[in-house]
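Please look over the notes below with the model open beside you.

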Amino acid sequence: MQALIEAVQHNCDIVDARHGSDYGMCTYLLKMRELYRWMHGLPLGTPLGKDDVGEWLTAREAHLQALEQEDFLEMVVGDRVIDPFDAEAVNAAVADYGLVYSAGLVQGARPHFFLAELEAERRGEDGFLLRVSGRELARGLNSPPAMTRGSTIFLRRESLRRYLWEKYESWLWNRPENAMARVVACYPFDAALDEALDSMVTVEMAVIEAHERGEYQAGLELGDAWEHMLLDLSGTPAELMARAVRDHLADCTNTLPMLIEPGREPSLHFFMASLGAMRKQLFPSLETAYRAWLASGDAGDLADLIGRAARHWVNVAGHMLALHERHGERAAAAIAKTMGQSSL
């Protein structure tokens, strides 16, 4: 499979060549540093030599610059030659090798690929296929812990572990007294980093699965029109808003009802610590309800809000679809304009 691994990595490198500049400089350098750690097989937390990383970064950027205009390679498995975006055909071809492959478009209509060892595969009662991966064999700068592609949910254990480490490392810079500090207090990070990460991965795998189940259910409810809308909104603030709305819908129907159950406090803290700027902007009442829960220990306000919010985000998503149906490719401005009145 080495030729296949190299082909997938080549395509990942092309994506990085074309879209690495989409990140801010600080984010880009942090992602490059973690890619260096992954490519060299270094454990998380290992100090990195400044000169070694600098030399690698220079060589890496020269390599990427040479790839920017290259075409994506086809996937060759045995005597089969497969389009790199035909993920199901590739997965059927590599099943006997214990591998899992994903390909598609993510935020900003950027291509995305990865290849990993398959840990588990099972069919959900709602019809989706869940694929859990372990050690990753080919990946790019963008390495999300979970994704939903049509009726398939991908959970990436190694990417989740790395993501948790990055959140912890970022918190270490200033150690603010925030939701992430409450997460850190629940695990032995200072005394046993690997043990803490392993424990947190086990807990958070269930959380990201719940979110992706919500994504899958939202996809069934919103239909193909939602994906067509995202393509037309690609690269605009309206796309960020649309993705945030669907995330909120998925979480209010699946993730948050689970997180307010007794014993899930560390995951609720981590959920709040991980919310992006757009999601906070659209859902400020969630922070208010979270703080009320911190003060009282009573999740009643959170539960009430989650129920109301699920209905709210369904309505907001429907309104966005209606605007897209009316304005088509020019819907971005209209959607962004109306979202100011759609926060909760």
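**Notes on the model**

1. The lining of the largest cavity is made up of 7 nonpolar, 5 polar and 2 charged residues, where Ala, Val, Leu, Ile, Met, Phe, Trp, Tyr, Cys and Pro count as nonpolar, Asp, Glu, Lys and Arg as charged, and the others, Gly among them, as polar. This is a predicted model, in which local features need pLDDT of at least 70 and side-chain atom pairs count only at pLDDT 80 or more, while totals for chains, interfaces and linings use all residues. Residues are numbered from 1 along each chain as its sequence is written, and side-chain values use heavy atoms, with hydrogens and water left out.

2. The structure holds 1 cavity of 30 Å³ or more; on a 1 Å grid over the protein atoms alone, a cavity is a set of points where a 1.4 Å probe fits but cannot get out, a pocket is an open set with protein on both sides within 12 Å along at least five of seven lines, and lining residues have an atom within 4 Å of a point. Of its 14 lining residues, Val-15, Asp-16, Pro-111, Leu-141 and Asn-142 lie nearest the centre. At least two lining residues come from each of α1 and β4, with helices (H or I, at least four residues) and strands (E, at least two) taken as DSSP runs numbered from the N terminus.

3. The second largest pocket has a volume of about 190 Å³, and its lining includes Asp-16, Tyr-23, Tyr-28, Glu-61 and Glu-68. Two or more lining residues are given by each of α1 (2-19), α2 (25-39) and α3 (50-67), and the largest share, 3 residues, comes from α3. This lining divides into 5 nonpolar, 4 polar and 3 charged residues.

4. An open sheet of mixed pairing is formed by 5 strands in the order β3-β4-β5-β7-β6, where two strands pair if DSSP finds at least two bridges between them. Its edge strands, β3 (99-106) and β6 (146-149), each pair on one side only. Strands β4 (residues 110-123) and β5 (residues 129-138) run antiparallel and are joined by 7 bridges, and Leu-115 stands opposite Ala-138 in β5.

5. Helix α4 (residues 87-94) lies across β3, β5 and β7 (152-156), at about 170° to β3; contact means heavy atoms within 4.5 Å, and axes are lines fitted to C-alpha atoms, for helices over the stretch in contact, with angles from 0 to 180 degrees between N-to-C directions.

Note on methods
Grid points are joined across faces, edges and corners, and a volume is the space filled by probe spheres set on the points.
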